[in-house]
Amino acid sequence: MGQFILKTRVYLGKEGLDEILTGVGRAFIVTDKFMHESGMVGYLTEPMEKKGVQYQIFSDVKPDPDIATVTKGIGQLLDFKPQVLFALGGGSSIDAAKAMNWLSVKGGLAEKMSFVAVPTTSGTGSEVTTFAVISDPQKSAKYPLVSEDMLPDAAILDAELVRSVPPATTADTGIDVLTHAIEAFVSTNANDFTDAAAEKAMKLVKANLIKVYKNPNDMEARQKMHDASCLAGIAFSNAGLGLNHGMAHTLGGHFHIPHGRANGILLPYVMAFNAGCHDGLTPVAERYAQIAEVLRLEGSSVRQSAFSVVRTTKQYINQLHIPNTIEAAGIAREDFEAVLDEMAEAAYNDSCTRTNPRACSVEDIKEVFQRAYTGKLI
Ligand SMILES: NC(=O)c1ccc[n+]([C@@H]2O[C@H](COP(=O)([O-])OP(=O)(O)OC[C@H]3O[C@@H](n4cnc5c(N)ncnc54)[C@H](O)[C@@H]3O)[C@@H](O)[C@H]2O)c1
Ligand SMILES: [Zn+2]
């Protein structure tokens with residue numbers, strides 16, 4: 001049975017905060033060190049002070065949060081007993097807060113509290129997704145937890161919060177948005193509703209990502225990328241993702257490559273595999289050809305149009321100075337080969353891979369990894 005869930009109230013601007021804080025006595029803020037030390041957390045604490053809301057800040061979240069951080073946060077959350085839980089930051093802070101909220105309430109340790117996500121990167125769309133990605137550093141693994149109960153009650157989209165994101169992070173997170181939209185669009189669970197969100201996200205990325213990478217103060221383009229990130233989140237939260245994320249989780253887990261960059265490195269190679277660029281066109285090529293149409297790319301046949309999408313993403317990756325192979329990301333061949341079998345197995349078992357449009361074996365995934373290492377695209 002197909003379905004489409006929209007739960008999160010999305011406020012388009014700071015004004016939403018006033019409404020959210022009305023009548024609130026205690027709030028707990030999950031964020032990272034940069035947000036705390038740079039003073040950006042004042043975005044939440046200043047209005048809280050004005051309204052007499054008592055708050056506590058947990059700023060121990062690091063990129064790719066692990067279970068130890070989540071457990072520590074739960075301890076403080078349970079002591080503080082907030083009515084509202086805020087997540088302020090990129091996907092890492094939002095995912096850590098999601099896991100704290102979900103585990104403490106599901107485990108019967110805390111009363112249900114209101115949960116508000118305030119993204120400061122335009123990338124994961126985590127503010128509207130059922131996903132939280134938690135790392136296990138000992139196993140060099142990342143696990144996507146998926147539950148409807150993790151969806152935030154509200155999100156605030158304010159591009160002012162993204163202004164300070166450095167260009168390399170703008171590039172990584174922006175290509176993550178594109179990967180979400182493309183994977184959702186070709187997913188086995190895609191439907192008209194997820195397509196609508198994914199198509200709009202792709203169009204916004206095309207019109208704004210390179211612009212904002214070149215000019216971080218282009219606030220119109222920043223807001224459009226923030227919207228694109230949220231729309232792509234709505235699309236993939238409902239349609240699911242695919243092999244690209246399955247592979248990126250294990251690649252990022254092993255070699256500490258930022259999530260979006262790992263996706264960007266792999267994207268052309270996964271699309272080439274899905275479309276059958278090496279071994280005969282697959283029915284998925286038709287879906288990529290539809291993306292070419294959405295993005296108004298050239299192509300007079302399904303083959304040409306599908307290739308055109310692969311080529312275009314390669315161009316974005318070059319323009320954004322994202323490494324275009326795993327080798328170019330600085331991974332030595334012997335280190336890569338030492339974990340290749342393990343990574344192929346992990347990607348095969350990753351829950352994101354289940355909705356990939358082309359069935360794949362561990363051997364297939366190994367080959368895609370090898371192509372992405374050397375840059376053998378076609
Ligand atoms: N839940 C989901 O649906 C979902 C989807 C995709 C990825 N993820 C996960 O999200 C995490 C990645 O999130 P991300 O890409 O947003 O990065 P992030 O949250 O890890 O942040 C990356 C870096 O950017 C900094 N930063 C964040 N906002 C900033 C700002 N406004 N100005 C300056 N610096 C800023 C952070 O301090 C950090 O150092 C990964 O763990 C990934 O697996 C989750
Ligand atoms: Zn992603």
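Is Lys62 buried, exposed or partly exposed? With 13 other C-beta atoms within 10 Å, Lys62 is partly exposed; the scale calls a residue buried if 20 or more other C-beta atoms, placed from the backbone, lie within 10 Å of its own, exposed if 12 or fewer, and partly exposed in between.

The model is predicted: local features need pLDDT of at least 70, side-chain atom pairs count only at pLDDT 80 or more, and totals for chains, interfaces and linings use all residues. Residues are numbered from 1 along each chain as its sequence is written, while chains are lettered from A and ligands numbered from 1 in the order in which they are written.

**Two loop residues**

Lys62 belongs to the loop between β3 (54-61) and α4 (67-80); helices (H or I, at least four residues) and strands (E, at least two) are DSSP runs, numbered from the N terminus. Leaving aside residues up to four places away in sequence, Lys62 touches Asp32, Thr69 and Ser92, where contact requires C-beta atoms, placed from the backbone, to lie within 7 Å. Thr22 lies in the loop between α1 (16-21) and β2 (26-32). Thr22 counts as exposed because it has 9 C-beta neighbours inside 10 Å.

| Residue pair | Sequence separation | C-alpha distance |
|---|---|---|
| Thr22 and Asp64 | 42 residues | 32 Å |
| Lys62 and Pro323 | 261 residues | 23 Å |

**Domains and their interface**

The domain assignment, which is automatic or taken from a database, gives domain 1 (9-162) and domain 2 (167-374). Taken over C-alpha atoms, the centres of domain 1 and domain 2 are separated by 27 Å. Across the interface, 23 residues of domain 1 are in contact with 31 residues of domain 2. On the domain 1 side that touches domain 2, β6 and β7 (141-146) each supply at least two residues, and β7 gives the most, with 4 residues. By class, this side of domain 1 has 10 nonpolar, 11 polar and 2 charged residues; Ala, Val, Leu, Ile, Met, Phe, Trp, Tyr, Cys and Pro count as nonpolar, Asp, Glu, Lys and Arg as charged, and the others, Gly among them, as polar.

**The ligand shell**

In total, 29 residues surround ligand 1, and the closest are Gly90, Gly91, Ser92, Ser126 and Val133; a residue is near a molecule if its C-beta atom, placed from the backbone, lies within 6 Å of it. At least two shell residues come from each of α5 (91-106), β6 (131-136), α6 (167-186) and α10 (259-275). The largest share of the shell, 4 residues, comes from α5. Its composition by class is 8 nonpolar, 17 polar and 4 charged residues.

Strand β4 (residues 84-89) is mostly covered, with 6 of its 6 residues buried. Val84, Phe86 and Leu88 lie on one side, and Leu85, Ala87 and Gly89 on the other, so that both faces are covered. β4 pairs with β2 in the parallel sense over 4 bridges, pairing being assigned if DSSP finds at least two bridges between two strands. In that arrangement Val84 of β4 is the bridge partner of Ala27. β4 also runs parallel to strand β5 (residues 114-119), to which 6 bridges join it, and Ala117 in β5 is the bridge partner of Ala87.

β6, which contributes to the shell around ligand 1, is mostly covered as well, with 5 of its 6 residues buried. β6 and β7 pair in the antiparallel sense over 6 bridges, and Asp136 stands opposite Ala141 in β7. The hairpin of β6 and β7 has 4 residues between the strands, where Ser140 takes a positive phi near 50 degrees.

**Helix α14**

Helix α14 (residues 362-374) has 13 residues, which at 1.5 Å a residue should span 18 Å; its end C-alpha atoms are 19 Å apart, which agrees. The expected span is 1.5 Å times one less than the number of residues. The buried residues of α14 are Ile365, Val368, Phe369, Arg371, Ala372 and Tyr373. Among the elements covering these buried residues are α9 (243-255), α10 and α13 (333-349). Just after α14, Gly375 takes a positive phi of about 90 degrees.

Technical notes. Contact = placed C-beta atoms within 7 Å.
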